[in-house]
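Hi there,

Here is the structure I promised to pass on. Have a look, and my notes follow below.

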Amino acid sequence: MLRVVISGATGAVGRALVPAIEAEPDLELAAQAAPSLGLTLAEALAQAAAEVAVDFTVPAAAQDACEAAIHAGTPLVIGTTGLAPDARDELGAKAREAGVPILFAPNFAIGAVLMMRFAEQARPHMDAVEIIELHSDTKRDAPSGTALATAARLGGDVPIHSVRLPGLVAHQEVILGARGQTLSLRHNTTSREAFVPGILLAIRRVGDLEPGMTTGLEAIL
């Protein structure tokens with residue numbers, strides 16, 4: 001049994017992940033951390049003897065989660081976006097020095113990873129590209145981590161249009177244009193359960209990664 005601690009257990013993704021982990025025969029939910037539960041990830045790791053930590057919180061708390069996992073020597077799966085690249089680099093260096101693997105993915109939905117890959121394949125054949133990303137009005141960062149990761153893979157200064165509205169979950173469209181034609185690649189997340197298979201895969205595989213911070217779910221697909 002692989003013992004797992006969830007940071008952000010009462011959040012939107014955490015609420016979908018808790019029953020999913022409890023249903024897996026090879027995983028054990030060792031502890032749940034969240035401000036509303038009165039338990040920090042550092043405290044949960046000290047109490048639970050966990051083998052993997054998972055963080056889906058907010059940008060302001062994500063750095064503390066990384067520091068806690070590194071201090072405890074616990075591999076970490078992190079899906080919280082909004083951390084500055086410099087902060088990720090610094091945390092990656094600390095994790096590498098401590099011998100702790102961290103997997104950061106801006107999106108754990110398999111379809112979203114495929115969308116980014118297909119867009120990257122199409123980009124050399126089209127003249128221009130723009131990204132439209134739409135999320136719930138509760139999402140703190142804009143542009144989204146997925147949109148930024150997609151733009152980085154496409155190269156150049158790709159325009160990103162962000163929409164935040166109630167009723168949305170997570171959606172992204174990459175529109176590529178050339179003379180007389182357009183190509184649209186769109187991924188729709190209608191439920192946060194879409195993230196669960198990718199997160200479960202990451203929980204099982206993060207311990208096999210090299211120490212430091214690995215970016216992208218495709219690293220373990």
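**Helix 5 and helix 6**

The crossing of helix 5 and helix 6 is right-handed, meaning that the near helix is turned clockwise from the far one by less than a right angle. The model is predicted: local features need pLDDT of at least 70 and side-chain atom pairs 80 or more, while totals for chains, interfaces and linings use all residues. Residues are numbered from 1 along each chain as its sequence is written, and side-chain values use heavy atoms, without hydrogens or water.

Helices here are DSSP runs of H or I with at least four residues, and strands are E runs of at least two, numbered from the N terminus. In the contact, Met115, Met116, Arg117, Ala119 and Glu120 of helix 5 meet Thr146, Ala149, Thr150, Arg153 and Leu154 of helix 6, where contact means heavy atoms within 4.5 Å.

One pair there also forms a salt bridge: Glu120 and Arg153, with the closest N and O atoms 2.8 Å apart (the rule is a Lys or Arg side-chain nitrogen within 4 Å of an Asp or Glu carboxyl oxygen). This pair links distant parts of the chain, 33 residues apart. Glu120 is partly exposed at 33% relative accessible area, and Arg153 is partly exposed at 23% (buried is under 20%, exposed over 50%, partly exposed in between, with a 1.4 Å probe and protein chains only).

Elsewhere, Lys139 bridges to Asp141 at 3.1 Å; Lys139 is partly exposed, whereas Asp141 is buried. The count comes to 11 salt bridges.

Happy browsing!
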